[in-house]
Amino acid sequence: MDNDEGQRQDRNEEREKRIDAESPLDGSTHTHTDGTPYTPPAPKSRDHNASDAVPGGNDEPRDKKPNFLARLATRLGLDAGTLIAMFKGSLPPTIAIAMYQAAPITAYFTTLGYLVPIVSVLALAILPRGKFLMNMVLNLFSVCLGAAISMLALWSAVKARENTRSSAPPPSSGTGGGQALTMVPYNSSQSAVCAVWLFFGIWLGNVVRAKLPAFNLPVIIFSIFVNVAATYGPFMTTTTGAQKFVKELLTAMLVALALALAVNLLVFPISSRLVVFNEFEGAIGLLRRTVKLQREYLVSLEKEDMFAVASHATGSGEENGKRLTKEERAAKQLKETGDRMRQLAGKLHADIPFAKRDFAWGKLDGDDIGQLFTLFRNVYIPVLGMMTIIDIFKRVSEHRGWKRHHDQDEEGVELSDEEIAAKEKEKRVWNEVMKQMHEPFEILSGAIDQGLEHAGLCLGLLPRPKKARDVEAQGDQVRPGDPRLAKVIEEKVAAFYSKKGELLRTWVRERGFRLDDNDDGNGEEFFTEQRERDQSQLYIILYMENLMHASGEAVQALVTFADRKVADGTMSQSRVIIPSNKRLKKLLLSVFNNEDSSGEESPDLTETRNTIVYFGDGYNRKKDPEHLPPATTWQHFGNGLRKISAFFGSEESMFGFRVACATMTVGIVAFLEETQRFFMEQRLVWAMIIIALGMTMTSGQSFFGFLCRVGGTVIAMVLSLIIWYIVDERPAGAIVIMWLFIFISYYFFVKYPRFIPAIMIAIVTQVLIIGYELQTIRLGKEIAERTGQPWYPTYLLAPYRLACVAGGSLVAFFWTIFPSPLTDRTWLRRDLSATLYLVANYFGVISSTLRSNLDDTAGDADTPGTPAHQLHKVGRKIFGKVMMLVPSMMQHSEWQRWEPTIGGRFPREAYDDIIARSTRIMSYLTLISYTLMHPTRVYHAKSEMNDVQEDGEKPVRSREWLNALAKVLRTLRPTHHSILSTLTLLSNSLLSGQSLPPFLPLPRPYEMTRRLMTLSSSPPYSRGVHDEDNGADEESTEEEDEVDGAPVRLVDSRTGRDDRDEDRLLRKRTTRSNHQLGNIPEHHSGGRSRGQARKGRSAEVNILDPRNMEQPGYAEFAVLQVCTTLVCDDLEGLVKAVSGLVGVVDFSFRYEGSESTLGAVEGVGTSSGGLRRRKGQRDSTASE
């Protein structure tokens, strides 16, 4: 790599440190595992020419050593994006308080002016434009709905007063918030009506809040509106006064939202597209670094001292006080980078919809961004998939005992000299394989690195470097950004394919396989353990090389897309980009769609992260065993009545009821004659607002929020005293100092998203205290006290505010756990159950895809309407659901620490293990799905690797080997049913808490390979193989049973039939419908000569013959076998972990005594130490 490329790589690595975690601008409140949040992007437009960006190159002067301030800013992460977010966040409340000093504003709002800066803070002006506008629409809807409900409540309350008083009222001026409220006589009917409306409004808003997380902040603003209106309602004597009061409230909130809107759109505007483009930039850097670290890890496996302890000079040599080996050190660095890449990929998945729906002045439209993300996803899946070599190597080394003492086995028994020599030989073979893979991977890693940089430069995602002064020194070298680079990358991928073939042929020769065509493969090699190991090693080689090849082809597609956008003029000039009506409609519908919603999809920073995912008809919408589906009109009507009852009994309705009860615990004071005056004097409405801010569905979050809100208010109290008295109570100085403190508070808002609720309380409390003092100065003490609130100096007002916040937070926490809490531990268990269910669904999609591919009935995945296209859409939807659930589970795992433990300790280690294994299984299944949907190209001409056919068509993939494999798999019946059934059973056990059965069907690793190898050397199968035209469909049940050898049969739960009968019927339907698939593109013609048929029969007999390793489909089969083996290993661990949580049904007998005790048991029938019956015991271990 030359100096120019090296400096660009260094700059990308610098960017990675800023983009390795989640951005608070994205509506997500999750933090990265390393605790470093992603800072907002600087307002540099990525939609303009990339040449306008900051240049760099080998002619730049060497940077000087930064001064103290620069080092401090780097240490604190104070880059341009963070400073802009801090400045934008501090502007709206400061403008609102400064604006209140004007006489017209003061005269209009009177004592309600404090609501303007508070609501301007809750409007979140620092969000990217797309999310902010979506949030603004929801806020406007909530404010208008709150105004309507409040007006209806006050009107009905006034009517209640009019209908219950004894004499006509005195004439009223009809003033609203400025009237002397304490002079109004008490009316119990009016207070009761206001209390009822308050309870209903709070319940309704929080039901919506629990059902649709996108309404979290809008419902809080709605609750503020209803709380203020309802508590002032008992003092309203006329409809005109009530109308004026509601109008003032509505105007105050609309002004606050308008301030936030102006700041967001006019002050350093940041679009959602810019956020996504910055994430693409960081992802490109992380991918390039991942490829580099992957190369270093493979190098560490080449050396015989790979288990030697790493030296201190290499860095990262210790973990938890333990010295790491060279392999562990390289694996640690690679895993850390891969985890950061996965986090950023998840953010991209959540931010892409907002970027596609954004209005902008730029170059790439919504369709281009969606296509770019799809292509980028096709790159990072195989690149990150190559990291599974870490898990593979770890399991191989543990299974082979490479890390143990060289002369002992796993039980500590001394090994013989032959066994020691065999173990050392196997390690050397592994080292040689890694050495042989070094050169092909070196070629491919260079192509991937250059291709990613080229795409980033062409699409304006990366800044273009300065042009070198010495042009002659570069010669004809093709660099990223040059249109000729696509041809260079294609040649490198072809060269990699050539080297891959040489490596495979060398490995086969070294292992002693014959590659001549004279061997018919009819069982000359017998099934041995060594052969099984050799076959597994061949799978691993093919697995890695197939992922490398897929990565290269994915980068080729990305480069082609970038070059096409440059060639068609898309990147030449900017234009107005307006999202289509379809996208805007989807945006509005997604807000009210409760199928999939999470913090990432919500435009809200204070989202409590209770992810809601629709799992499908098979999970939550169970059939009612007490009711058949409705058949008549009356039965349908009855079902509607049952839905109403189910709605009021749902968790969302119960949460709304809790919040309403908590609000009324404080609000009841405002509706009783003896305490009404006390409520107004002590400003207890602020405690009710804190309840609206602080109520959460789970107890862990509530307890943590209670501590945070009290702590934030203590800090705000101290800061308010400093703000007010450091400038000697002068308004101008107080406003400036308050802006400075709010500006600093937003630093923690941006960098520590976990504490956002506490920081928002601190900011709002400062605004409330200082705003009240400034309001009193402007209005005068007499007018300020007209609402019944006596004036307090700041040193008294600040502690009173603290007492209100502490009381409101305590009430919120009490009603969260009373009468029975919904704990984060319960929510975590439900999320785990849902994740396992979705993983089972994903595995079912993959199984269907595999079967349709083998039967050649899938069609093209890019053609709408084909089975492959439908399966691909379903798979991606399930994948997105799991990606939303994983962060939610991690959050609940953290929150449960704050829940008081009553009884035994919470088994967090078991839950974390289930989360990790479920995530790994999903990663392995994603690799299988990707491999099935994106098969690599096959180059037929070895001498001309990059030639295409004369007619310009793509090379045809021969289906000869795939057809033989399909025929054999129909006979063997793959064991995927057991994996699917086990995952579903584990999901149901976690959800219901019921014990597992004592025995579960689990396939062994490489079970399919073992059966194929046995089949290739068994006479019954060679006798049972018939001609292709009539053999497959006429095999008898006895022959299948003879080959299968299974002691039990699998019965389809839906039909009750034997699974083999279902397979036989499916094969007959497939045979009869082959003539009706003319609309599906054929990959290979079915006609073959008699010689080809004989060759096909030979392939069927020995399907795993290494001579077939270059056949289309063999490498994909290897990927399937390796990933399935990894899935089986983690599935076994899942069964062990889940059984430890829910137990195992066990009615067996256990003998714990001696023979004499057994005789006593036989004679007498009782014994304290003999036979014991474990009656239905839920044991955490397997049955003995």
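This is a predicted model: local features need pLDDT of at least 70, side-chain atom pairs count only at pLDDT 80 or more; totals for chains, interfaces and linings use all residues.
Cysteine 144 is partly exposed, its relative accessible area being 44%. Cysteine 661, on the other hand, has a relative accessibility of 13% and counts as buried, because that value is under 20%.

With that settled, the overall architecture comes next. The protein chain contains 39 helices and 10 strands. It has 1184 residues, of which 54% count as buried. The accessible surface of the chain is about 52,800 Å², and carbon and sulfur atoms contribute 57% of it. Among contacts with a separation of 6 or more, 82% are between residues 24 or more positions apart.

When neighbours within four places in sequence are left aside, methionine 548 is in contact with Leu298, Met386, Met437, Phe441, Leu444 and Phe496.

Polar side chains are also found in buried positions. Arginine 288 is placed in helix α10, which covers residues 272-300. Its relative accessibility is 2%, so arginine 288 counts as buried. What does the side chain of arginine 288 make a polar contact with? The partner is the side chain of aspartate 449, at 2.8 Å.

With a relative accessible area of 1%, threonine 765 is buried. A polar atom of the threonine 765 side chain lies 2.6 Å from the backbone oxygen of isoleucine 761. Beyond its neighbours within four places in sequence, threonine 765 is in contact with Trp686, Thr713, Ala716 and Ser720. The pair formed with tryptophan 686 is separated by 79 residues in sequence, while the C-alpha to C-alpha distance is 9.9 Å.

Which two residues does a cis peptide bond join? They are phenylalanine 818 and proline 819, with omega about 0°. Proline 819 sits in the loop between α27 (794-817) and α28 (824-854).

Positive phi values give two further points of interest. Leucine 124 is not a glycine, yet its phi is positive, at about 55°. This leucine 124 belongs to the loop between α5 (115-122) and α6 (129-164), and it is buried, with a relative accessible area of 3%. Glutamate 729 likewise is not a glycine and has a positive phi, of about 60°. The loop between α23 (699-725) and α24 (731-751) holds glutamate 729. Is glutamate 729 buried or partly exposed? At a relative accessible area of 39%, glutamate 729 is partly exposed, whereas leucine 124 is buried.

Technical notes
Residues are numbered from 1 along each chain as its sequence is written. Side-chain values use heavy atoms; hydrogens and water are left out. Helices (H or I, at least four residues) and strands (E, at least two) are DSSP runs, numbered from the N terminus. Buried means under 20% relative accessible area, exposed over 50%, partly exposed in between (1.4 Å probe, protein chains only). A polar contact is a pair of N or O atoms within 3.5 Å; within protein, one must be able to donate a hydrogen and the other to accept it, and residues adjacent in sequence count only if both atoms are side-chain atoms. Contact means heavy atoms within 4.5 Å. Accessible areas come from the Shrake-Rupley method with a 1.4 Å probe; for residues, only the protein chains shown count as cover.
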